[in-house]
Amino acid sequence: MTRRVVVIGSGLAGLTCALHAAAAGCLVTVVTKAALGDGNTARAQGGIAAAVLPGDSPAAHASDTLGAGAGSAVESAVATLVAGAPAVVRELVARGVAFDRDATGALRGGLEGAHSFARILHAGGDATGAAIQRALSAAVRDAPVELLEHAFATDVVVRGGRARGVEILVGGDRRTLPADAVVLATGGAGQLFEHTTNPAVATGDGIALALRAGAETADLEFVQFHPTALADGTLVSEAVRGEGAVLRDADGRRFALDAHPAGELAPRDVVARAIATAMARQHGAPVLLDATGIRPTRAETAAFLAERFPTVDAAVRARGWDWSREGVPVTPAAHYLMGGVTTDLDGRTSVPGLFAVGEAARTGVHGANRLASNSLLEAAVFGARAGLAVGDTGAADGPGPVRMPAAAVPGVAAVIGSTTPSALDRSPEPFSRPALQRLMWRDAGLARDAAGLERAAFQLERWHRSFVPDGSIAALEDDSLLSVARAVVAAAIARPTSLGAHHRSDDIRREEAA
């Protein structure tokens with residue numbers, strides 16, 4: 001019997017899964033709430049990490065991944081990730097992705113933070129994600145895959161303890177799509193925060209769907225803040241620092257070396273906090289990303305920046321800066337969610353028939369801090385594995401992953417019950433998306449403490465109890481954001497010590513060490 005598969009999301013993870021499931025003989029429907037490809041994949045600048053160049057090895061890539069993950073990445077997941085990289089590169093090339101090459105025709109590798117080897121493959125300089133998205137979107141349109149655009153998934157249908165389909169809202173009408181397997185590939189939840197590099201569609205819908213379906217989540221406290229974004233959230237790729245750009249404070253001092261011997265190329269959580277500290281010293285003013293010295297002359301620097309980083313170059317110059325002559329003001333911004341719906345190595349969640357891939361999933365490969373450019377690789381490797389798994393009747397119908405202790409975090413109600421009324425804001429702000437984003441940025445952002453997290457938990461619970469979606473897409477997204485925000489804050493409260501991107505300023509271990 002032919003299996004029916006619904007994939008929710010149309011980025012790299014979702015489309016890779018859909019293509020592999022269709023190739024396995026499944027009847028596949030891709031549901032996306034916006035247009036095809038309107039997500040994070042198309043915005044990815046840094047590239048895709050893969051140990052495919054001479055002198056590199058999967059073992060070295062794995063070591064770097066485990067190191068950046070603050071010792072909390074799952075080794076079996078990391079091994080699967082790095083081993084799958086060569087096949088991913090071959091598949092993407094076969095689908096038409098033109099990775100950048102040198103004069104001899106060999107793949108050109110770039111260096112990024114916490115990598116020990118220049119293994120980052122790019123396409124179009126800093127337009128890697130856009131090149132990948134174009135290729136996969138074209139492949140899906142040519143494949144036997146049904147595509148439903150501007151269709152919002154409101155709930156996973158669960159009957160008899162397993163996923164049986166998806167309820168969607170499309171054109172104002174509600175429909176049910178029956179399925180033998182449902183795949184969540186909706187990306188992350190950057191819109192939880194006031195400052196983010198993510199597009200407007202990144203509202204955590206897949207994680208919210210999973211929570212409502214009873215699926216387990218893990219590591220939601222690990223939110224990665226990209227060190228360098230313009231004030232409006234426009235990403236300035238880490239590869240700029242990989243090419244030699246440095247960070248300077250208002251006095252012109254290169255401050256990143258104070259935080260880590262690797263300076264600007266330290267793990268992202270370290271660099272982001274170093275920038276936040278420098279900004280605090282200068283009353284919130286942005287720091288400067290200085291790329292003026294990466295080539296011997298200004299003319300050579302300008303030509304290199306335009307060729308190597310055309311997307312960033314255009315964005316910077318459109319705002320009136322000549323970054324071959326002057327530093328560019330940058331600040332940290334919410335970028336990537338390392339946690340998500342808990343899965344095994346084939347995308348299965350704790351709910352039979354429900355899968356998750358990409359940023360919506362928690363495979364364990366990132367630990368507490370994602371290594372630069374591993375996100376596109378994870379999406380492709382595990383998207384393909386899930387695509388094969390949903391086509392395997394026995395595998396897809398099998399039990400979900402072993403329950404992980406990391407997923408056993410208390411709900412917000414339990415957190416509120418354990419805190420004191422003094423944390424309660426006596427004049428609560430009415431709910432709005434900007435209000436939620438300000439709250440999360442202030443109390444659950446780069447640095448957290450018990451008082452701020454308790455304040456956030458109380459406010460989120462109040463909003464949750466009073467918020468009733470009016471049926472519009474915006475309101476349904478707000479409902480997703482509220483659900484995920486509550487889970488993120490609960491997870492952050494449950495981990496009282498710092499680890500990777502989860503930085504507790506009230507960590508007693510740090511106080512005792514001082």
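Modeller: The following account treats the packing of helices H2 and H3 and then the loop between them. The model is predicted, so that local features require pLDDT of at least 70 and side-chain atom pairs pLDDT 80 or more, while totals for chains, interfaces and linings use all residues. Residues are numbered from 1 along each chain as its sequence is written, and side-chain values use heavy atoms, without hydrogens and water.

H2 spans residues 58-68 and H3 residues 75-83; helices are DSSP runs of H or I with at least four residues, numbered from the N terminus. Their axes come within 9 Å and cross at roughly 135°, where axes are lines fitted to C-alpha atoms over the stretch in contact and angles run from 0 to 180 degrees between N-to-C directions. The two helices are therefore oblique to each other, a class left over after under 35 degrees (roughly parallel), over 145 (roughly antiparallel) and 65 to 115 (roughly perpendicular).

In the contact (heavy atoms within 4.5 Å), Pro58, His61, Ala62, Thr65 and Leu66 of H2 meet Glu75, Val78 and Val82 of H3. These residues divide into five nonpolar, two polar and one charged; Ala, Val, Leu, Ile, Met, Phe, Trp, Tyr, Cys and Pro count as nonpolar, Asp, Glu, Lys and Arg as charged, and the others, Gly among them, as polar.

The loop between H2 and H3 contains Ala70, whose phi is positive, about 60°, although Ala70 is not a glycine. Most residues other than glycine have a negative phi. Ala70 counts as partly exposed because its relative accessibility is 34%, between buried (under 20%) and exposed (over 50%), with a 1.4 Å probe and protein chains only.
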